[in-house]
Amino acid sequence: MKILGIETSCDDTCAAVVEDGRHILSSCIATSAAEQNLYGGVVPEIASRRHIEHISQVTRRALDEAGLCANQLDAVAVTFAPGLIGALLVGVNFAKSLAFASQKALVPVHHLRGHIAALYLTHPQLEPPFLCLVASGGHSHIVQVASYTQFHVLGRTVDDAAGEAFDKVARTLGLGYPGGPAVAKAAQGGSKTAYRLPTPHVDGPYNVSFSGLKTAVLNAVNHAKQAGEEVDIPGMAASFQYRITEILCEKLLAAARDTGATRICIAGGVGANKVLRSKVEEGAKSLGAQVFLPELSLCGDNAAMVAAQGYYEFQAGHIAHAGLNGLPTLGIDDKSLDSPL
Ligand code: KG4
Ligand code: ZN
């Protein structure tokens with residue numbers, strides 16, 4: 001079964017074709033990240049405009065590279081929630097029109113379910129159940145993946161998402177956007193013990209909080225400026241990266257230990273962080289659990305993950321009607337996702 005995936009929830013315009021949820025036939029991305037960098041973060045209006053400009057060409061390229069025309073597809077899957085509403089609507093309306101014109105099923109995909117499905121593209125043998133940390137620019141969840149379409153959220157951030165904290169710290173340190181890769185790069189030249197940063201306390205055994213950590217970095221930088229001292233940028237980047245990955249890893253492993261999980265996974269943009277990846281690999285070893293990590297190129301937003309999850313949603317009968325709307329917020333376990341939308 002060949003599914004075209006469309007993804008426009010943030011600043012990447014993506015289209016891809018995936019066969020049977022597991023084999024990538026093509027995956028194309030046009031990003032406005034460089035332009036967003038001029039403003040220090042994503043400007044929603046710019047993201048929407050660039051999606052409109054790019055979506056037809058990116059989709060054409062994805063079909064061409066897969067050697068298919070729209071009529072040969074079995075379904076069109078699209079990210080409809082959560083995300084920037086103006087950005088989502090470009091993808092949703094484009095997918096609706098394409099599905100209608102080519103008489104194919106329209107499959108609605110939740111963005112975070114898509115991130116988790118990137119694991120199926122990397123590991124052909126991986127099947128639910130497993131435990132997964134989903135950490136992106138907008139979300140940080142510890143999720144029990146009970147089946148391909150059933151999810152239980154065990155923990156979440158009570159304030160900033162992990163990727164958002166990376167982005168804000170990068171901005172404070174003048175490292176540009178997106179912040180995650182910039183902080184990771186700067187950290188290579190620094191010591192993780194250069195600054196003592198706090199582990200914010202939070203209710204709930206698997207919840208996380210990053211706003212206090214982000215503020216601690218900001219305060220340290222302001223304090224240094226006022227005292228006329230130079231900030232050790234690589235040292236701060238390394239100290240921050242060490243602390244945030246320590247927090248994420250500890251909570252994930254605690255959840256794994258308490259639930260007896262034998263398979264531990266990471267997904268989402270922050271899942272590309274090498275320090276996080278190796279910490280989770282190390283920690284899981286001590287629990288005797290297997291670790292599955294997405295290929296680096298599939299951690300960030302892409303449409304192959306949307307097409308992969310679309311396959312499983314389609315199998316479960318989750319088909320959308322022509323009135324499908326985009327939603328800026330929606331839980332990964334929302335009951336409305338259990339039936340046709
Ligand atoms: O999943 P994603 O591509 O988009 C959203 O759904 O938000 O995640 C983007 C986030 C950004 O905040 C970016 O700074 C972060 O993922 N990120 C990283 C790394 N690469 C991307 N964070 C830490 N380390 C990285 N290597
Ligand atoms: Zn994402």
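**Backbone geometry and ligand site**

A: Pro82 is located in the loop that runs between β4 (75-81) and α3 (85-101); helices (H or I, at least four residues) and strands (E, at least two) are DSSP runs, numbered from the N terminus. The model is a predicted one, in which local features need pLDDT of at least 70 and side-chain atom pairs count only at pLDDT 80 or more, whereas totals for chains, interfaces and linings use all residues. Residues are numbered from 1 along each chain as its sequence is written, chains are lettered from A and ligands numbered from 1 in the order in which they are written, and side-chain values use heavy atoms, leaving out hydrogens and water.

The peptide bond between Ala81 and Pro82 is cis, with omega about -20°. A cis bond also links Tyr177 to Pro178, where omega is about -5°, and Pro178 belongs to the loop between α5 and α6. Asp20, in the loop between β2 (12-19) and β3 (23-31), has a positive phi near 50° although it is not glycine. Most residues other than glycine have a negative phi, and most peptide bonds are trans.

The helices α5 (162-172) and α6 (179-187), together with α4 (111-122), each contribute at least two residues to the shell around ligand 1. That shell comprises 17 residues, the closest being His111, His115, Gly137, Asp167 and Gly180; a residue is near a molecule if one of its heavy atoms lies within 4 Å of it. By class, the shell has 4 nonpolar, 11 polar and 2 charged residues, where Asp, Glu, Lys and Arg count as charged, Ala, Val, Leu, Ile, Met, Phe, Trp, Tyr, Cys and Pro as nonpolar, and the others, Gly among them, as polar. Domain 1 (2-117 + 300-338) and domain 2 (127-297) each provide at least three of the shell residues; the bounds come from an automatic or database domain assignment.

An oxygen atom of ligand 1 is 2.7 Å from an N or O atom in the side chain of Asp167. Polar backbone atoms also take part: one of Gly137 is 2.8 Å from a ligand 1 oxygen, and one of Gly269 is 3.0 Å from a ligand 1 oxygen. Ligand 1 taken alone exposes 550 Å², of which the protein buries 86%, by the Shrake-Rupley method with a 1.4 Å probe.

Notes. A polar contact is a pair of N or O atoms within 3.5 Å; within protein, one must be able to donate a hydrogen and the other to accept it, and residues adjacent in sequence count only if both atoms are side-chain atoms.
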